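Have a look at it first, then read on.

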2 protein chains.
Amino acid sequence: MTDRTTGPPPVHPAWLPDAAFAPVGSRRVLVAPGPDAGPVGETVVAELRRATAAHGGTLTVVDAAGPRLDDATVRAHDLVLVVAPRAGGPGQRRYPDAHPTAYLVAAATAGRYDGETGGQFAPDMVRRVRVGGTTVVAAGGAVGLLYGLHGVVRLGERAFQADDGDHLERPLTPVRMLDHWDNIDVHPVMGQVERGYAGGSIFYADGRVRDDLSRVADYARLLGSIGVNAVAINNVNVHATEARLLTDGLADVARVADVFRPHGVRTYLSVSFGSPMRLGGLATNDPLDPDVQAWWAATADRVWATIPDFGGFVVKADSEGQPGPFAYGRDHADGANLLARAVAPHGGTVFWRAFVYNHEQDWRDRRTDRARAAYDHFAPLDGRFDDNVVLQVKYGPLDFQVREAVSPVIAAMPRTRVAVELQVTQEYTGHQKHVCYLGPLWSDVLGFPLAEDATRTVADIASGLPGPRTPEGAQLRAGGITAVSNVGDDEFWTGHPLAQANLYAYGRLAWDPSADPVALLDEWLDLTFPGADPRVRETLHAFMDDSWLTYEKYTAPLGVCFMVDPLRGHYGPNVDGYEYSKWGTYHFADRDGIGVDRTVATGTGFTGQYPAPWDAVYEDLATCPDELLLFFHHVPYQHVLKSGTTVIQHIYDTRADAVDVVESWVPRWEALRGLVDDRLHARVAERLAEQVRSATEWRDQVRTYFFRKSGVPDASGRPIY
Amino acid sequence: MTDRTTGPPPVHPAWLPDAAFAPVGSRRVLVAPGPDAGPVGETVVAELRRATAAHGGTLTVVDAAGPRLDDATVRAHDLVLVVAPRAGGPGQRRYPDAHPTAYLVAAATAGRYDGETGGQFAPDMVRRVRVGGTTVVAAGGAVGLLYGLHGVVRLGERAFQADDGDHLERPLTPVRMLDHWDNIDVHPVMGQVERGYAGGSIFYADGRVRDDLSRVADYARLLGSIGVNAVAINNVNVHATEARLLTDGLADVARVADVFRPHGVRTYLSVSFGSPMRLGGLATNDPLDPDVQAWWAATADRVWATIPDFGGFVVKADSEGQPGPFAYGRDHADGANLLARAVAPHGGTVFWRAFVYNHEQDWRDRRTDRARAAYDHFAPLDGRFDDNVVLQVKYGPLDFQVREAVSPVIAAMPRTRVAVELQVTQEYTGHQKHVCYLGPLWSDVLGFPLAEDATRTVADIASGLPGPRTPEGAQLRAGGITAVSNVGDDEFWTGHPLAQANLYAYGRLAWDPSADPVALLDEWLDLTFPGADPRVRETLHAFMDDSWLTYEKYTAPLGVCFMVDPLRGHYGPNVDGYEYSKWGTYHFADRDGIGVDRTVATGTGFTGQYPAPWDAVYEDLATCPDELLLFFHHVPYQHVLKSGTTVIQHIYDTRADAVDVVESWVPRWEALRGLVDDRLHARVAERLAEQVRSATEWRDQVRTYFFRKSGVPDASGRPIY
């Protein structure tokens, strides 16, 4: 990618610079993608060809017509990548007996794995072993081969060192998606990418799908390398122009799908529930209307006729002004099943968002609680959704806040496939102007033991595994993990170059939620800055490891959420910015205290939506964790935290301490000048300066706001205004 | 105007419906505009021709070749309008002795008036007398004749009733201007008209000056009828496209000037101080650079060659991002004189705005006070401005607030011509969604005895009369009165039909600041709703007379200013909306009190910028008027006002009382259905509903904000949230 130019400046290669391929590319490599490997197999071969050409290695490509892989052949190579035949079984294909990979099948797919996976070595599974002096990667299919290749790239030289065991890798969940909130038309205020902080869309320009999709191809390559396998290419708020991607624009969508396909990524569209009226000229969008049903069926037929491996639809309905089934007296099961039945014959899936709440709330009304809304709307519908509906639930009950309780909806619907929605784009976490590495947040969320008496994690639920059966005994299918992407046509993809790490970590955590997010930073650093001075790694770890917690410390305290500026699209402080608004996000600070009473005993009752033990943990001030205190309770400023300090002194101290941390980064980054790419250094330096400015503003506004309101002096004596 | 259609719906005729001309049009009218009356004389004749044709009267037009106006001729008419010859004197023209108006000269211009005006009956002066059964209007020129005609129209039947004396009318000041903040290009957020609440621009469409200027012609007629005689046709924030009106666009500007000219209105342009670089390709805009001076001189030459009666320039420099002389180490006298010297040979005037302040202020810094800025910048420059520079000063030191102290700059520069700038467009007073009749505000401002020990009013200063000499004994020339217009291409001109009254009152008060603003409402009502049921007048008086005070009561209290929502362009409540911003507009509310300490003793020292006695009056809490209390002082919530109530209870009570008033308007307006035009009724009803909604929001947010902060209960027991 470094040698491709889209006019100056060149696009940054992110975590796939040519140098990252040196350990592979300098070796004797054999690849046997199998006779049915298709475009993904071609990608693997092309990657290897490019790497070996660049770094002095050799490449042998074995196809069905090639030489048999005897022991000598294997030992004559340092790295052998091979697609293993699928295990037998009714309806399962076998490769012809003549296939040359028999040796490797034995080496790579023998043993316990077949048993664990129900007799099938799935296409995206990959096993890596050392066989003598050779590293052997065997995959269940071409996409697994691609993942196996990138696994070796990530390991680098370590992949060729002494035998460290026998590794099987497989993704937690079969759907690991990115949603793009990209618009075709540029909105005068929102810009082209809603909540986008990295320039324009890589998909669209000049009012249509780009002719030159080379940036999409580069992006697809990045996604394939981290296991992301699904992309919805347009904003969930589907405007007029974008709605027509579903019909008039299908040929263009097919071009995009063609670009994603070689990297194992399926294409999805966000569609408007109002499409039958808007696009079809129908008199209604009523999900029970036969004409509406017929319109969706015919539309789906055309989609899959054009793109046979199309993924499905993402739908935001009855939310923030988008049309939905409520207008017709129908519920969201009616709405979701309407689309599900249209796509079912094609194997399509409907991702139906649970982000439904009253966005015209009266701030005077303390009985209504937006946090309750998704549960109240959806929990009663459990069991009513078709099997190809996935309910897509934001990780928190509000909206991608820097700190929220995990949404109880995720645990509330045992008969429903649930996908957890994360946000890679930093809408509430600094607009990719602030360093805010979100791996730890997502790791906490995915690993949170929400269900089954705190034994089943959010990731377990999203994967449908290892989970329990439904109440009726059926095995739940996986929902998936999805997230809003953070890339644009920016030179560094993500505005802030360090925000690339968020995209990287998202893909890796969606693959394996148990991964250590700090260890993922090591992977990302090794790939992105290959061969860099050790100070680069040390400095970036110092910045990034706890940067989410640092961001939290200078923004809204103790889980109270928001306090962001509505005028600047949720950037920068505005303590009362949403306090008297229609959005249902309030802190209720007065001269005596702050926080939202969401208890059953005296508040909105939201804690009652949690399964045990969390309902009790959150209900009780004594057990509610400090970091969520103000999310669940309204307390006096003098309330003493478990940390031993008062709420007000915590507010004062943490905001000031966090800014000291951010300020310390500036000279440390300056010291790296010359040790990283100059343009990257300059971009990060510019963003750090802005982060210092903005964090200082946060510190001073929040501290001053609460001093003016509480009248309590800061025991540390630091300035308040 | 009612019979012209610009496609449905027809444009509302404002205060010039055909019916308003019935008293004139039904009579025997003679007009003698004189041989040099030009296009304004033609307008007068055309108005009379149209009125008499519509209402059954007769019209005799006498020109130099017409019959002599003997006594019998005069007595044979009910209304005689005549241009009187100018009094003699060196350089003064006389009409030929043969001119037929000798009789009327004697009747109309004899006596004390010549003496008062230095021996000259100025072109815009007009005298009205009853001569036997005939109403005689004699003017010093064609424009006076136009004003005289509209004076008779305003009087209606009363103009033809028993002799009520001998009336001389003349405008306070020779310049009565409207500034249009219209852009050619439509800004995606600001719209086409900055701070415009009445649709698009009447001047521009599709990226250029309109081909069809008929709306401008209608507007010019409205302005001519109330004595407005100058219009700047583009935004003081001069963007790229609009900057070129000064050069490439001159032919189009000339077309606009041609449309204004027949109504006695001269055309001005807002120009960018950065024009030499932006338009001329020069390397600098430095006012002392000879090339810059030559560029401006040549540019002015071209302007006046194209439009010989062009008025001059309006300039916003070094303000809110506009370029200015500071960049070159020059001051604003250098900057203004640069342009003044270019336009002086042509008789042009430069209106140089004093709205200069630091718009990147740090909210933490309580020593800097935006209110001080204009005085600090400009007062030291007094005496340095050329004679054709007018310093254009906003009426208050901040920015067109609903309640501000009068700007001390107005009194601070006795050697400088000063124009007072008002704002007809309701930027901070409800966006023409709220009824807010601003006549009383302007009347208060213009009549405020700011200077010379409270003997000389703001209007006196703006008019240069009757005022004292400069310290050197020279007679100051008038500066003028100017305001930001409120019209757009809306069917009712002003969005809210009742906002037409603001435009009307502005023109009438600019002509005569001593006019009673409530009486001006009577004039406006009589003209706009001729022959309407008495309930219309009664109801609209009930709404409008105190509507400014009502608006004040539900918005920011006691002169503290702002508290408007930055997100909605200064519409609706947001108590802390500007509190932590860069704009220098703060209320400093904490749990104990509120207000800005601008005293010399303990505050920013702003009170020291006032002449006696106001410096002392505002400095002392005991004498500072309640309505400006928080503009000048920071006081505890329990501070007792002169009204006897506490600050906090005043905040609580007035907000609730004011909403009660606004709510009472809805049924009263509903009762007028059928008594006024249906479309007008519907528009007002829609706006009243929004005013109730918005005022309720103001009430509840402000009351709740201060309850949460102060903890003081509302003694009235009304709801707080």
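## A buried arginine in chain B

Let's start with B:R195, which is buried at a relative accessible area of 15% (buried means under 20% relative accessible area, exposed over 50%, and partly exposed in between, using a 1.4 Å probe and protein chains only). B:R195 sits in the loop that runs between β9 (191-193) and β10 (204-205) of chain B; helices (H or I, at least four residues) and strands (E, at least two) are DSSP runs, numbered from the N terminus.

What does the side chain of B:R195 make a polar contact with? Its partner is the side chain of B:E427, at 3.1 Å. A polar contact here is a pair of N or O atoms within 3.5 Å; within protein, one has to be able to donate a hydrogen and the other to accept it, and residues adjacent in sequence count only if both atoms are side-chain atoms. Leaving out residues up to four places away in sequence, B:R195 touches B:W181, B:M190, B:T425, B:E427, B:G569 and B:H570, where contact means heavy atoms within 4.5 Å.

## What kind of model this is

This is a predicted model, in which local features need pLDDT of at least 70 and side-chain atom pairs count only at pLDDT 80 or more, while totals for chains, interfaces and linings use all residues. Residues are numbered from 1 along each chain as its sequence is written, chains are lettered from A and ligands numbered from 1 in the order in which they are written, and side-chain values use heavy atoms, with hydrogens and water left out.

## Where the chains meet

Chain B puts 26 residues in contact with 26 residues of chain A. Of the area that chain B buries against chain A, B:R364, B:R591 and B:R708 supply 32%, more than any other three residues. The area buried between the chains comes to about 2500 Å², with carbon and sulfur atoms giving 52% of that (buried area is the accessible area, 1.4 Å probe, that two parts lose on being put together, summed over both).

The rule picks out six salt bridges across this interface, a salt bridge being a side-chain nitrogen of Lys or Arg within 4 Å of a carboxyl oxygen of Asp or Glu. The side chains of A:R708 and B:E579 also meet in a salt bridge, at 2.9 Å from N to O.

## Two nonpolar cores

The largest nonpolar core has 211 residues, and A:F260 and A:F706 have the most contacts inside it. Such a core is a set of buried Ala, Val, Leu, Ile, Met, Phe, Trp, Tyr and Cys residues joined through side-chain atoms within 4.5 Å. Another core, of 210 residues, lies apart from it and includes B:V24, B:A230, B:W295 and B:Y578.

Back to A:F706: not counting residues up to four places away in sequence, its contacts include A:M563, A:V575, A:I594 and A:Y652.

A cis peptide bond joins A:A612 and A:P613, with omega about 0 degrees. A:P613 lies in the loop between β19 (593-594) and α20 (614-619) of chain A. In chain B, a cis peptide bond joins B:A612 and B:P613, again with omega about 0 degrees.

A:F562 isn't a glycine, yet has a positive phi of about 50 degrees; A:F562 is buried, at 6% relative accessibility. B:E452 isn't a glycine either and has a positive phi of about 55 degrees, but B:E452 is partly exposed at 44%. B:E452 belongs to the loop between α15 (439-446) and α16 (458-463) of chain B.
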